[in-house]
Amino acid sequence: MEQQSVSDYRREGYLHLRSFFRPAEIEAVRRDALRVFEHQLDGADAAVKPCSSEGDAEQALFRLFHQDIARFASCGKQVQHLVSLHRLSLDARILDLLAGLGLAFPNISTRPVLYFNSRHLATKEVYWRVFAHQDWRSMQGSLNSAVVWLPLHDIDRDLGALEIVPRSHRLGLLTTEVVERFGKVDQFGDSDFLPVEVEQGDLLVFSAFLVHRSGTNSTDSIRWSCHFRYNDLAERTFIERGYPHAYAYHPVDELITPGFPQIEDVRRLFEDSPSCRGSDAA
């Protein structure tokens, strides 16, 4: 990485790297996310034919949200575990970038997050437009922890481009309270925020201390993005504090689908198909 880019990052708290990925690489993640919803749409409403066009796909998601919000929420959880999403977070180009910015031993802070934001897909405002905050408050990791934010398609101001406060990372931890699991910051006015318009394939990397917020998506379209968070296991204060981890993951104890599976469901899955028996005979 060029020294000027490193200097810019340290001074401003962020870098906007254009055409970091090929658009097709990023589109593949978004298509996988849409496929998750498509499978449920087929089961929930056979008349729905999503993805014949971008508009049709979005309208199908809106219908599922309003017709079966529990099913929609389950889809939203599953897209956070897409192999393509996690693979992207471990891409060698991102790891090289982090190393160039001084993360000597980069480590994943928490699972990747994929966002699909629209006021038409939200029961609370924070689910489609997040107030000013710092990510470090929820991470509580290394002082040089970094966030990589990727648009999954072109995002301009109308679609709610991410808004940042350049150089705010130098002010340290500003969070006064945690609201909806975000470290809220109240010290800045609208004129302090810089919208960052991006294209599919661009990458925005910023300090976990940089103050930022969602722009307002004033359109009827969905704003697709993802972000990855990283700590530095070699950072002195992180070592001294014993590597605190601020996230809690655990399975539920009860069966989500009562009475499932029955033994017949399991046996049916593992029965030999005719093709398998033919292969064995050969």
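A salt bridge here is a side-chain nitrogen of Lys or Arg within 4 Å of a carboxyl oxygen of Asp or Glu. This is a predicted model, where local features need pLDDT of at least 70, side-chain atom pairs count only at pLDDT 80 or more, and totals for chains, interfaces and linings use all residues. Residues are numbered from 1 along each chain as its sequence is written, and side-chain values use heavy atoms, without hydrogens and water.

**View 1. Glutamate 27 and arginine 30 form a salt bridge.** The closest N and O atoms are 3.2 Å apart. Both residues sit in helix 2 (residues 23–44), three residues apart, so about one helical turn separates them. Helices are DSSP runs of H or I with at least four residues; strands are E runs of at least two, and both are numbered from the N terminus. Arginine 30 is buried, at 6% relative accessible area. Buried means under 20%, exposed over 50% and partly exposed in between (1.4 Å probe, protein chains only).

**View 2. Arginine 229 pairs with aspartate 135 in a salt bridge.** The N to O distance is 3.1 Å for the closest atoms. Arginine 229 lies in strand 12 and aspartate 135 in the loop between strand 4 (133–134) and helix 7 (136–139), so the pair ties together parts 94 residues apart in sequence. Both residues are buried.

**View 3. Glutamate 240 meets arginine 236 in a salt bridge.** The N to O distance is 3.1 Å. The two are four residues apart in helix 8 (residues 236–240), so about one helical turn lies between them. Glutamate 240 is exposed at 57% relative accessible area. Arginine 236 is exposed too, at 54%.
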